[in-house]
Amino acid sequence: MQKTKIRLAIAAIAILAASAANLTSCNKDDESLNNEPAMVQKSGPGIENAEKILIAKIRLEYRHYDPINKVEICTYRPKSLEFCNMELAVSNHDFSFPVSIKMDQNGVVKSLLINETDMPLEDKPTFEDCVTVGTISFASDSPILDSELQTVVANDYIEAGTYPIQKLDGVYVITISE
């Protein structure tokens, strides 16, 4: 009976130690996302699931109805609650702001990370609404316009659709693929 209690105690301590190590490891990765320059490899050499972070620019396009031409158009006007798309790497546009693109080793976009402090004030209410719902939707494909980015990513666009979104420590995280 005494040996069983000791074995259970040792097993419990081992599980707690492994959990603590895992949490510390995850927190270090999360902290480093915001402070690294473009194209940083997140995992060490020889690890198959290496990830890269690329810093680019993004411009959000909102869906609007044009009453004159009687068509729906995409423009930057955050009065609408519906997104058309997001253009990536529009560096010289007034409404663009930084975004971190997290990719796997094959160039597949895993997530987009947008720091709340970099986002224009007029976009924040829509993003907060999306976080409350837990998803963000784009009605049309989002082009990746920068030729340098296109050489790194697997596709030159992010598919239209609905994606999970959450806010972690002031950073909006849009999960594009698992």
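This is a predicted model: local features need pLDDT of at least 70, side-chain atom pairs count only at pLDDT 80 or more; totals for chains, interfaces and linings use all residues.
View 1. Residues are numbered from 1 along each chain as its sequence is written, and side-chain values use heavy atoms, with hydrogens and water left out. K167 forms a salt bridge with E128, their closest N and O atoms being 2.7 Å apart; the term salt bridge calls for a side-chain nitrogen of Lys or Arg within 4 Å of a carboxyl oxygen of Asp or Glu. This pair links distant parts of the chain, with K167 in strand β10 and E128 in helix α2, 39 residues apart. Here helices (H or I, at least four residues) and strands (E, at least two) are DSSP runs numbered from the N terminus. E128 is partly exposed too, at 29%.

View 2. The side chains of E116 and K167 meet in a salt bridge of 2.8 Å, N to O. Here again distant parts of the chain are linked: E116 sits in the loop between β6 (109-115) and α2 (124-133), and K167 in strand β10 (residues 161-168), 51 residues apart. With a relative accessible area of 22%, E116 is partly exposed. Together, E116, E128 and K167 are linked in a network of salt bridges.

View 3. How many salt bridges does the whole structure hold? A search finds 3. One of them joins the side chains of E61 and R59, at 2.5 Å from N to O. E61 counts as buried at 6% relative accessibility, and R59 is buried at 13%.

**View 4. H64 in strand β2.** H64 lies in strand β2 (residues 51-66) and counts as buried at 15% relative accessibility. C-alpha to C-alpha, H64 and C74 are 6.1 Å apart in space and 10 residues apart in sequence.

**View 5. The second largest pocket.** About 170 Å³ of space lies in this pocket. Its lining includes G107, V108, V109, N155, Y157 and E159. A pocket is an open set of points on a 1 Å grid over the protein atoms alone, where a 1.4 Å probe fits, with protein on both sides within 12 Å along at least five of seven lines; lining residues have an atom within 4 Å of a point.

Notes: Grid points are joined across faces, edges and corners, and a volume is the space filled by probe spheres set on the points. Buried means under 20% relative accessible area, exposed over 50%, partly exposed in between (1.4 Å probe, protein chains only).
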